[in-house]
Amino acid sequence: AAAGDAHGFDLAPRDAARLRLASRAFDAEIARGEAVVRNVIPALARSPLRADGCWVLRAVDGRACWTPEAYAERVAVAAAAGAATVRVDLERAYDRRDIVLPLSTEARLAVILARQAFELDARAEAALFPTDMAHRRRAICLTERDRATLEDHGARARATVSVILVSLDA
């Protein structure tokens, strides 16, 4: 599956209740945020769905749904009403590439390598944003003009810090 692929799944309410979601907002100004899939339930094992941080909840039974709490409430209401299925619409909102860099890598090099991994135009301005809560609270943004490292921003030795690459030219 590639970014932009949308899939609707008709699940029994008990299966829908097993699907776990996590709230994620990369920017404090995005009030709505998004809910990403945290696990793949057995009923969806043969689907393209993966718990890789790229699949985002879009709707439940045709109504927009943006939080894990709203999702759980809608699934519970459907179960209480005796619904045979719950329609869950998910979108692969992001592409994923895994590259591993030392925490001591300067931001400018990390951005260049990430841009290459995603085959983003070398002229496109881009930035890396950590996705873990500790670094998001500090509003860390790594750009090509930055010589700082994640260690400089408080990442501890042997830590794993996931980042998202954002094209600023979009």
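The side chain of T105 comes within 2.8 Å of the backbone oxygen of P102. This is a feature of a predicted model, and it makes a handy starting point for a tour. T105 sits in the loop that links β6 (86–92) to α3. With a relative accessible area of 14%, T105 is buried, because the limit for that class is under 20%. Leaving aside neighbours within four places in sequence, the contacts of T105 are with A110, A148 and T149.

Two further loop residues deserve a look for their backbone geometry. Most residues other than glycine have a negative phi. D61, by contrast, has a positive phi, near 50°, and E119 also has a positive value, near 55°. D61 is found in the loop between β4 (55–60) and β5 (63–64), while E119 belongs to the loop between α3 (107–117) and β7 (126–130).

Turning to the strands, β8, β7 and β9 form an open sheet of 3 strands in the order β8-β7-β9, with antiparallel pairing. The edges of this sheet are β8 (142–143) and β9, each of which pairs on one side only. Strands of a sheet pair through backbone hydrogen bonds, either parallel or antiparallel. Between β7 and β8 the antiparallel pairing runs over 2 bridges, and A127 has T143 in β8 as its bridge partner.

Rolling a probe the size of a water molecule over the atoms shows where empty space is left. The largest pocket has a volume of about 1,200 Å³. Its lining comprises 43 residues, and those nearest the centre of the pocket are R97, D98, S162, V163 and I164. Two or more lining residues come from each of β2 (21–24), β3 (34–37), α3 and β9 (163–167). Of these elements, β9 provides the largest share, with 5 residues. By residue class, the lining of the largest pocket divides into 28 nonpolar, 7 polar and 8 charged residues.

Conventions. Residues are numbered from 1 along each chain as its sequence is written. This is a predicted model: local features need pLDDT of at least 70, side-chain atom pairs count only at pLDDT 80 or more; totals for chains, interfaces and linings use all residues. Side-chain values use heavy atoms; hydrogens and water are left out. Helices (H or I, at least four residues) and strands (E, at least two) are DSSP runs, numbered from the N terminus. Buried means under 20% relative accessible area, exposed over 50%, partly exposed in between (1.4 Å probe, protein chains only). A polar contact is a pair of N or O atoms within 3.5 Å; within protein, one must be able to donate a hydrogen and the other to accept it, and residues adjacent in sequence count only if both atoms are side-chain atoms. Contact means heavy atoms within 4.5 Å. On a 1 Å grid over the protein atoms alone, a cavity is a set of points where a 1.4 Å probe fits but cannot get out, and a pocket is an open set with protein on both sides within 12 Å along at least five of seven lines; lining residues have an atom within 4 Å of a point. Grid points are joined across faces, edges and corners, and a volume is the space filled by probe spheres set on the points. Ala, Val, Leu, Ile, Met, Phe, Trp, Tyr, Cys and Pro count as nonpolar, Asp, Glu, Lys and Arg as charged, and the others, Gly among them, as polar. Two strands pair if DSSP finds at least two bridges between them.
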